[in-house]
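Look at the structure below with its aromatic side chains in view.

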Amino acid sequence: MAKSLLAMKTGPAAGASEALLESDLRELTMAARKLANHAIVLGGGIGFIGTFLQWLAFAAAVYLLVLDKTNWKTNMLTGLLVPYIFFTMPGLLFGFIRGEIGSWVAFVFVVLRLFFPRHFPDWLELPGSLILLTVVAPAIFADTFRGSWLIIGVGVCLVIGCYLLHEHIKASGGLKEAFKKPNGWSNTIGILLLFIYPVWAVVMWFL
């Protein structure tokens with residue numbers, strides 16, 4: 001009699017506790033799923049932004065490299081754009097150049113430069129150097145400093161961007177004058193774009 005009375009007293013309470021526990025577990029599961037979904041969406045968005053900024057910085061550096069051989073007549077060390085492009089080159093294009101086609105292009109470049117220097121155009125000097133650097137770069141530069149230790153590569157890009165901007169402003173006679181010169185807007189904006197991806201990558205590295 002006492003046992004049945006005790007079961008009657010504890011039974012409903014135990015059932016209510018189990019129901020509350022199951023309800024809490026369901027809520028926690030739903031919250032975890034929402035958090036995972038938001039994380040996936042946010043991570044995808046951040047990855048897209050990073051990829052877009054990388055392509056933008058790469059395109060700006062290529063533009064400045066080509067421009068230096070046409071109508072950009074300052075005394076800047078634009079050869080520094082070669083390592084900048086090396087570290088910001090998107091992975092798909094980087095892997096393509098490091099493949100068989102890039103090896104053949106680098107081989108032809110070296111042969112022309114060594115045995116036919118008089119017929120070698122000056123405007124091919126820096127692009128050829130970029131391809132050669134990409135093909136022969138050791139794994140520590142091609143993989144580590146562009147991958148797991150990306151902070152080193154983007155740090156180099158940030159230093160190069162600061163130096164080029166300083167030299168560009170100095171050669172133009174000031175920041176305002178840099179915009180007033182022929183092609184000043186495109187040149188100056190192109191250099192400013194060199195900062196976006198390295199700054200973004202450094203911020204993301206420490207977050």
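V110 has a relative accessibility of 30% and therefore counts as partly exposed; buried means under 20% relative accessible area, exposed over 50%, and partly exposed in between, with a 1.4 Å probe and protein chains only. V110 is found in helix α4 (helices are DSSP runs of H or I with at least four residues, numbered from the N terminus). The model is predicted: local features need pLDDT of at least 70 and side-chain atom pairs pLDDT 80 or more, while totals for chains, interfaces and linings use all residues. Residues are numbered from 1 along each chain as its sequence is written, and side-chain values use heavy atoms, leaving out hydrogens and water.

Next come the aromatic rings. The structure holds eight aromatic pairs. Rings of Phe, Tyr and Trp (its six-membered ring) pair if their centres lie within 6.5 Å; planes under 30 degrees apart count as stacked, over 60 as edge-to-face and the rest as tilted. The F86 and F94 rings are edge-to-face because their planes stand at 70°, with centres 5.4 Å apart. Both F86 and F94 are buried. Another edge-to-face pair joins F109 and F120, at 5.3 Å centre to centre and 70° between the planes. This pair links distant parts of the chain, eleven residues apart: F109 lies in helix α4 (residues 100-115), F120 in the loop between α4 and α5 (125-136). F109 is buried at 10% relative accessible area, and F120 is buried at 6%.

Ring pairs also link F86, F87 and F94 into a cluster.

Technical notes:
Helix = DSSP H or I, 4+ residues; strand = E, 2+ residues; numbered from the N terminus.
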